[in-house]
Amino acid sequence: MAERISPWMDGVSEQAPALSGDLDVDVAVVGAGLTGLSAAIALREQGESVAVLEREIAGYGASGRNAGHLTPTIGKDLPTLAMLFGRSRAADLVRLVEAAVGHVERTIEKNAIDCAYEPVGNVIAAVHPRQFAAIDRAAKAGAEFGAEGELLEAGEMRRRGLPRGFLRGYLERRGGILHPGRYVRGLRRAALAAGAALYEQTPVLRIDDGQPAVLHTPSGKVRARRVVLGTNAFTADLNLLRSAFVRLNVYLFRTAPLSPDQRARVGWQGREGIYTAHEMLESYRLTDDNRIVGGAKTVRYGYGGKALPYDDPKTFAIIEQAFRDRFPELADLEVTDRWGGPIAFALDFLPVLGRTGKHGNIFYSLAYAGHGLPLASYAGSLLTDLMAGREGPGRALWSRRRIPLPPEPFRWLVFRALTGVFGAIDARADRAERAPSRTP
Ligand SMILES: Cc1cc2nc3c(=O)[nH]c(=O)nc-3n(C[C@H](O)[C@H](O)[C@H](O)COP(=O)(O)OP(=O)(O)OC[C@H]3O[C@@H](n4cnc5c(N)ncnc54)[C@H](O)[C@@H]3O)c2cc1C
């Protein structure tokens, strides 16, 4: 494939053949990202015949483009989660995402996936005292819900050697950082080893709702008793579940490897993942070859669910400026790569998991609000519970009342209102942080 997906996917060349002819299977899975591949593995463990149909190659979507922070994050943040769903359901959701983090760790180990996983945790960090209250609220809610975390006051931040631009933090001990490209390709290998049939360069053009459902591709049809949609933000292209989520783009950059001198200057001996306490967070992490990958901070919205380009100079300038503000000690560190990817959001920031179709045989899990590493990887287990009518931990997701998103132009207005408020709060913190009183 000519298009560069992200630096994580550089050098990936292995590609399964496209579908040619017709097939009958128990389950057809659309999309070979973390959701689709985890579904394929879980279904094969139950002895079902599975065909995975992927439009490009496994890892083409967010799964091969993300920042690789494995965090026990669910919903916008813990205090908002408790406010929206009450303490008991919020506690269930926290347990669910912690189980998902554990599932990823076991999957990496069981399948010997060489994805440079470092279980160093992630720190939600304040860049200005204006954000201290948010950190304290996160720590309080974490303690209340039994999350494994720790408030890091300024002294502890410095003792740990966290970069100086980050003033106070809440350390989420569960999880860490990994190489997303090697992780998703490792899941691909695990799905193949489990006996799933994989067809890459095989777009599903249409799904005929029925029993069996019929999936149409350019070079053959698949008849399946059940379908799993692992298409996340791209589900908009299939014209399905349009009121359930909004599709957005997020952007990242990668620097050159840090020299020994730059590495000494920045500290960061614990190598924790860092994301900021902004309403629209910034993320930063070290890679196994000692580069920094960072970004997020802002999102791009395509009116009517339109796909937007992954090359966006204006957004790249915003995320690189934020990086320069946070890491003044690395002014001489060059940014070498830039890319973007699609994510999906529901209005309540929770993943959208359920079943649809006249026969209730089309299952889906999507809209992880930019935090899908754990829950997309756990989707297979949750979906097989739902298929079997088991009371699994995913019940907290599929039994909730979802808030439908309005059609355009109201959807655009909702987006503008939310990002307007979030952006204004963040801009105040950023302006204060850049004020001249700050010591370099
Ligand atoms: C820039 C960025 C940074 C992120 N950082 C983090 C992070 O640090 N931590 C975290 O937890 N999460 C992060 N995320 C979110 C996380 O990557 C996603 O939630 C997760 O990868 C979603 O996986 P998925 O399999 O559901 O979707 P995707 O990985 O998007 O996979 C969908 C697949 O479906 C295929 N497809 C679509 N339509 C069709 C069709 N019609 N026919 C056949 N195939 C089709 C696509 O080609 C694609 O391969 C980030 C996302 C982005 C974009």
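**Ligand site, domains and backbone features**

The ligand lies between domain 1 (7-66 + 181-245 + 348-403) and domain 2 (247-345 + 406-440), because both domains give residues to the shell around it. The domain bounds come from an automatic or database domain assignment. The structure is a predicted model, in which local features need pLDDT of at least 70 and side-chain atom pairs count only at pLDDT 80 or more, whereas totals for chains, interfaces and linings use all residues. Residues are numbered from 1 along each chain as its sequence is written.

The ligand is surrounded by 42 residues, the closest being Gly31, Gly33, Gly61, Gly341 and Gly372; a residue is included if its C-beta atom, placed from the backbone, lies within 6 Å of the ligand. At least two residues of this shell come from each of helix 1 (34-45), strand 12 (246-255), strand 17 (335-345) and helix 8 (372-388). Helices (H or I, at least four residues) and strands (E, at least two) are DSSP runs, numbered from the N terminus. The shell comprises 20 nonpolar, 17 polar and five charged residues, where Ala, Val, Leu, Ile, Met, Phe, Trp, Tyr, Cys and Pro count as nonpolar, Asp, Glu, Lys and Arg as charged, and the others, Gly among them, as polar.

The centres of domain 1 and domain 2, taken over C-alpha atoms, are separated by 29 Å. Domain 1 contributes 16 residues to the contact and domain 2 contributes 11 residues, with contact defined as C-beta atoms, placed from the backbone, within 7 Å. On the side of domain 1 that touches domain 2 there are 10 nonpolar, four polar and two charged residues.

Helix 2 (residues 78-110) and helix 8 have axes that come within 8 Å and cross at roughly 80°. The two helices are therefore roughly perpendicular (65 to 115 degrees). Helix 2 takes part through Val97, Ala100, Val101, His103, Val104 and Thr107, and helix 8 through Leu373, Pro374, Leu375, Ser377, Tyr378 and Ser381. Eight of these residues are nonpolar, four are polar and none is charged.

Most residues other than glycine have a negative phi, and most peptide bonds are trans. The bond from Gln211 to Pro212 is cis, with omega near 5°; Pro212 is in the loop between strand 9 (206-208) and strand 10 (213-217). Ala367, in the loop between strand 19 (362-366) and helix 8, has a positive phi of about 65°. Ala367 counts as buried, with 28 C-beta neighbours inside 10 Å (the cut-off is 20 or more).

Notes:
Two residues are in contact if their C-beta atoms, placed from the backbone, lie within 7 Å. Axes are lines fitted to C-alpha atoms, for helices over the stretch in contact, and angles run from 0 to 180 degrees between N-to-C directions. Angles under 35 degrees count as roughly parallel, over 145 as roughly antiparallel, 65 to 115 as roughly perpendicular and the rest as oblique. A residue is buried if 20 or more other C-beta atoms lie within 10 Å of its own, exposed if 12 or fewer, and partly exposed in between; C-beta atoms are placed from the backbone.
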